[in-house]
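Okay, thanks for coming, everyone.

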Amino acid sequence: MPGLVETALGLLRGWRSRPVTDWLVAAAVVGGHGVLVALTGRGDILGAPDRQQRLAVYSTGATVVALIGSFVTAAIAQYASATGRRMRVLRTAPHLASQFRRNWVSILSATLLVSAVCLLAIVMDTTETDPGGVHWAVEGALVLGAARAYRLLWLFNAVIQASDRDLADAPRPLPPSV
């Protein structure tokens, strides 16, 4: 059992340092789903609803991702403004700093991409049955967005933990004397 836990932790550390793995996850999920739909003829989540329902999903997806984009900028602002020894290490240690920058950029760029794909799908999905498969592109974008949202949570948590620990280390002012 310890070997399995160590392997899982190693995979998680590798995932954190390589945002490109989110693309592989999205491709595997959507590809697997596509194969399942092709073999069974069922389960096409975005292809089954009518056009109006798909357009609602596309516009909702673009809206939600735009909102997440605002959280990304807030998280980056928190990261940039936080002070303390641990935050200094996060920003200056060669491996950690580049890892954090790659992750922030990957998350921000994914929010732009997912929004663009969803908005473009509104324009391109013009028939009742979507024979061009635009909904598959949206599904891929949304899965990528979900992977990047998880990455955002991990980064936000890391920054909050480092900031909290730095705050706990700060000297406390003495209470006023009576």
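Predicted model: local features only at pLDDT ≥ 70, side-chain atom pairs only at ≥ 80, totals over all residues.

Residues are numbered from 1 along each chain as its sequence is written, and side-chain values use heavy atoms, with hydrogens and water left out.

When I say helix, I mean a DSSP run of H or I with at least four residues, numbered from the N terminus. Let's begin with helix 1, residues 2-17. Its 16 residues reach 23 Å from first C-alpha to last, close to the 22 Å expected at 1.5 Å a residue; that expectation is 1.5 Å times one less than the number of residues. G14, W15 and S17 are buried in this helix, and buried here is under 20% relative accessible area, with a 1.4 Å probe and protein chains only. So what do the buried residues of helix 1 pack against? They pack against helix 2 (21-40), helix 5 and helix 6 (134-169), where contact is heavy atoms within 4.5 Å.

Over in helix 2 we have D22. Buried or exposed, this D22? Buried, with a relative accessible area of 0%. If you skip residues up to four places away in sequence, D22 touches W15, L144, A147, R148 and R151. And W15, remember, is one of the buried residues of helix 1.

Axes are lines fitted to C-alpha atoms, for helices over the stretch in contact, and the angles run from 0 to 180 degrees between N-to-C directions. On the helix 3 side you've got Y79, A80 and S81, meeting M87, L90 and R91 of helix 4. By type, the residues of this contact are 4 nonpolar, 1 polar and 1 charged. For the record, nonpolar is Ala, Val, Leu, Ile, Met, Phe, Trp, Tyr, Cys and Pro, charged is Asp, Glu, Lys and Arg, and polar is the others, Gly among them.

Helix 4 also meets helix 5: their axes come within 5 Å and cross at roughly 75 degrees. These two are therefore roughly perpendicular as well. V89, L90, R91 and T92 from helix 4 make the contact with P94, L96, A97, F100 and R101 from helix 5. This one divides into 6 nonpolar, 1 polar and 2 charged.

Zoom in on A97, in helix 5 (residues 94-124). A97 is buried at 3% relative accessible area, and, again leaving out residues up to four places away, touches L90, R91 and T92.

Further along helix 5 is T111, also buried, at 10%. Where does its side chain go? To the backbone oxygen of L108, at 2.6 Å. Beyond four places in sequence, T111 is in contact with V65, I68, G69 and V72.

Last stop: D130, in the loop between helix 5 and helix 6. D130 is buried too, at 5% relative accessibility. Its phi is near 50 degrees, a positive value in a residue other than glycine.

Terms used. Buried < 20%, exposed > 50% of the residue type's maximum accessible area, 1.4 Å probe, protein only. Polar contact = N/O pair within 3.5 Å; in protein donor to acceptor, adjacent residues only side chain to side chain. Parallel < 35°, antiparallel > 145°, perpendicular 65-115°, else oblique.
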